[in-house]
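Please consult the sequence and the structure alongside the text.

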Amino acid sequence: MRKLMKLVGVVVFLTVFVAGSAFAAGKGAVTYEKNVKNIISARCLLCHGSNSPTIDEFKKDEKGFESKLKGPRMDTYSNLMIFVNGSDTGAMMRRLDDGKNTKDGKPGNMYNRLGGTEDERVANLKVIKDWVGGWTLKRKKDIKADELNAIKALEK
């Protein structure tokens, strides 16, 4: 009977330990609200803020909006997700990439906007990559299901 009680005690301890570890890991997850929103607000919303066009409006007059320094709206989680894991999956990653994932080594056209210094750009890109999870430069039509499933991009 003592052996059984000891075994039950060990099982209960391990269950609590594993559950606690899983909870702690979830608390440390990179999320839009905790980690990414401030970067987007500081570095992107001048051109992609609430006065910017929706993606559909932008596509109708890309050159016109670009001449006004306006890109598609990315001022909310749902607007940003269009470019992370939505109809334009991969677009944000292609534009923010540092070039380490390309054959020619060229960074995306918005990489320099991630910070005022290279150290700041590297740090901000790391946060965004950790948030996204399945970093891909592919266009939506070329992304496989397992690659889509690797994109985490948690809101909270």
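Of the 156 residues of the protein, 33% count as buried, where buried means under 20% relative accessible area, exposed over 50%, and partly exposed in between (1.4 Å probe, protein chains only). The model is predicted: local features need pLDDT of at least 70, side-chain atom pairs count only at pLDDT 80 or more, and totals for chains, interfaces and linings use all residues. Residues are numbered from 1 along each chain as its sequence is written, and side-chain values use heavy atoms, with hydrogens and water left out.

**Fold and confidence**

The protein contains nine helices and zero strands; helices (H or I, at least four residues) and strands (E, at least two) are DSSP runs, numbered from the N terminus. Among contacts with a separation of 6 or more, 52% are accounted for by residues 24 or more positions apart, a contact being heavy atoms within 4.5 Å.

The mean pLDDT (the predictor's confidence in each residue, from 0 to 100) is 87, and 83% of the residues reach 70 or more. Confidence is lowest in helix H1 (residues 2–27), at a mean of 42, and highest in helix H8 (residues 118–132), at 98. Over residues 7–25 pLDDT stays under 50, and the model has zero contacts beyond four places in sequence for them.

**The largest pocket**

The largest pocket holds about 650 Å³ of space. On a 1 Å grid over the protein atoms alone, a pocket is an open set of points where a 1.4 Å probe fits, with protein on both sides within 12 Å along at least five of seven lines; lining residues have an atom within 4 Å of a point. Grid points are joined across faces, edges and corners, and the volume is the space filled by probe spheres set on the points.

The lining comprises 28 residues, of which His48, Gly71, Pro72, Arg95 and Met110 lie nearest the centre of the pocket. Helices H2, H3, H4, H5, H6 and H7 each supply at least two lining residues, and H7 gives the most, with five.

**Cysteines and selected residues**

A disulfide is a covalent bond between the sulfur atoms of two cysteines. The structure holds zero disulfides, the criterion being a pair of cysteine sulfur atoms within 2.5 Å. The sulfur of Cys44 is 8.9 Å from the closest cysteine sulfur, in Cys47, and is therefore too far for a bond.

Glu66 is found in helix H5. Glu66 and Cys47 are 19 residues apart in sequence, and their C-alpha atoms are 9.1 Å apart in space.

Two residues other than glycine have a positive phi: Leu69, near 55 degrees, and Ala153, near 40 degrees. Leu69 is in the loop between H5 and H6, whereas Ala153 lies in the segment after helix H9 (145–149).

The accessibility of the residues discussed in this section is given below.

| Residue | Relative accessibility | Class |
|---|---|---|
| Cys44 | 13% | Cys44: buried |
| Cys47 | 24% | Cys47: partly exposed |
| Glu66 | 45% | Glu66: partly exposed |
| Leu69 | 58% | Leu69: exposed |
| Ala153 | 0% | Ala153: buried |
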